[in-house]
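Morning, everyone. Please have the sequence and the model open while I talk.

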Amino acid sequence: GGIAITIAVALGVGASEFVRDMIAPTLPLDEGDRIVRVRFNDAEDGGTAPATLYDLEVWRGSLSSLEELGAYTTLQQGLVSDRAEAGTVSLARVSASAFEVTRVPPMLGRFLGPADEAPHAPSVVVPGYAPWQSVLGGDPDPIGRVVQLGGTPTTVVGVMPEGYGFPQMQDAWIPLRPAAADLQPETASAVAVFGRLAPGATLESAQSELEVAGRRAVADHPEVYEHLTPRVERFASR
């Protein structure tokens, strides 16, 4: 939930700020209150439904009130260094725009970029502070080291600073790479979608624009979207 996320990305957040965030959660990041998530209200079961990578591409091409849109999924994988240190990492498979959204620079090297999302790009990982310490031994020059991540040889390209955990207390990041099936709404992978309100945009203006996109989706693919209404909300909301 939002409070866990707040803890995860708290870069020096004080106790008074944490209490405030428990009442009205906001990410302790640069303009963190403008970081949002987008998902669906599902009229069929009265709950919510995740967006898909198909939705993400449609929204990227049609929404002006939301920028730096991206998506993520989470998983746990084993991480083994080239010197046999091992551990398990909470991993986010994430769009490169996540790092632009949070506006937190890497501690070492670089973070993920758009080129890393290409289908046949090399396997790369950006570990956080904890696995950098525990698995990479705090190596001051880890860039280019090849680790085994879930059994796959993967090159370290950067390290994020202590306390960074966007989106949900993760401690390592790899690229989210769409597949051919993600080009169709019926077969696209479910993901969690995030972004930032564009300059001058509000939650209300973003919601209005999303609803227009939602009606268009219903008209184009009623079998998928008939019961779904897109909703934007602050990322840290519970």
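Let's begin with Asp-42. Leaving aside its neighbours within four places in sequence, Asp-42 is in contact with Gly-47, Thr-48, Ala-49, His-227 and Leu-228. Contact here means heavy atoms within 4.5 Å.

Before I go on, the ground rules. This is a predicted model, where local features need pLDDT of at least 70, side-chain atom pairs count only at pLDDT 80 or more, and totals for chains, interfaces and linings use all residues. Residues are numbered from 1 along each chain as its sequence is written, and side-chain values use heavy atoms, with hydrogens and water left out.

The mean for the protein is 89, and 89% of its residues reach 70 or more. Over residues 1–25, though, the pLDDT is below 50. That stretch still has 45 contacts in the model beyond near neighbours in sequence.

Back to Asp-42. It sits in strand β1, residues 35–42. Strands are DSSP runs of E, at least two residues long, and helices are runs of H or I, at least four; both are numbered from the N terminus.

Which side chain of opposite charge is nearest to Asp-42? It is Arg-231, 11 Å away. Lys and Arg count as positive here, Asp and Glu as negative, and His and the chain ends are not counted. Asp-42 is buried yet has no salt bridge. Buried means under 20% relative accessible area, exposed means over 50%, and partly exposed is in between, using a 1.4 Å probe and protein chains only. A salt bridge is a side-chain nitrogen of Lys or Arg within 4 Å of a carboxyl oxygen of Asp or Glu.

A polar atom of its side chain lies 2.9 Å from the backbone nitrogen of Glu-44. For a polar contact, we want two N or O atoms within 3.5 Å; within protein, one must be able to donate a hydrogen and the other to accept it, and residues adjacent in sequence count only if both atoms are side-chain atoms.

Now the charged pairs. Side chains of opposite charge can pair when their charged atoms come close. How many salt bridges are there by our rule? The count comes to 10.

Take Arg-37 and Glu-233, which meet at 3.6 Å, N to O. Arg-37 lies in strand β1 and Glu-233 in strand β13, residues 228–234, so the pair ties together parts that are 196 residues apart in sequence. Arg-37 counts as buried at 11% relative accessibility. Glu-233 is buried too, at 12%. These two belong to a network of salt bridges that also links Arg-39 and Arg-231.

Here is another pair. Arg-110 bridges to Asp-116, with the closest N and O atoms 2.8 Å apart. Arg-110 is partly exposed, at 35%, whereas Asp-116 is buried, at 7%. One more: Arg-145 and Asp-139, at 2.9 Å, are both buried.

On to the nonpolar side. In soluble globular proteins, nonpolar side chains tend to be buried together. A nonpolar core is a set of buried Ala, Val, Leu, Ile, Met, Phe, Trp, Tyr and Cys residues joined through side-chain atoms within 4.5 Å.

The largest core has 26 residues, and Trp-59, Leu-66, Val-193 and Val-232 touch the most other members. The elements giving it two or more residues are β1, α3 (53–62), β4 (66–80), β12 (190–197), α6 (203–220) and β13. Which element gives the most? That is α6, with five residues. Apart from this core lies another, of 23 residues, among them Val-94, Phe-99, Met-160 and Ala-236.

Look at α3 for a moment. Its buried residues are Leu-53, Tyr-54, Asp-55, Leu-56 and Trp-59. At its start, a side-chain oxygen of Thr-52 reaches to within 3.3 Å of the backbone nitrogen of Tyr-54.

Last, some backbone details. The peptide bond from Phe-166 to Pro-167 is cis, with omega near 10°. Pro-167 lies in the loop between β10 (158–159) and β11 (172–175). Met-169 is in the loop between β10 and β11, and has a positive phi, near 65°. Ala-84, in the loop between β4 and β5 (86–94), has a positive phi of about 80° although it is not a glycine. Ala-84 is exposed, at 63%.

How values were computed
pLDDT = per-residue confidence, 0-100.
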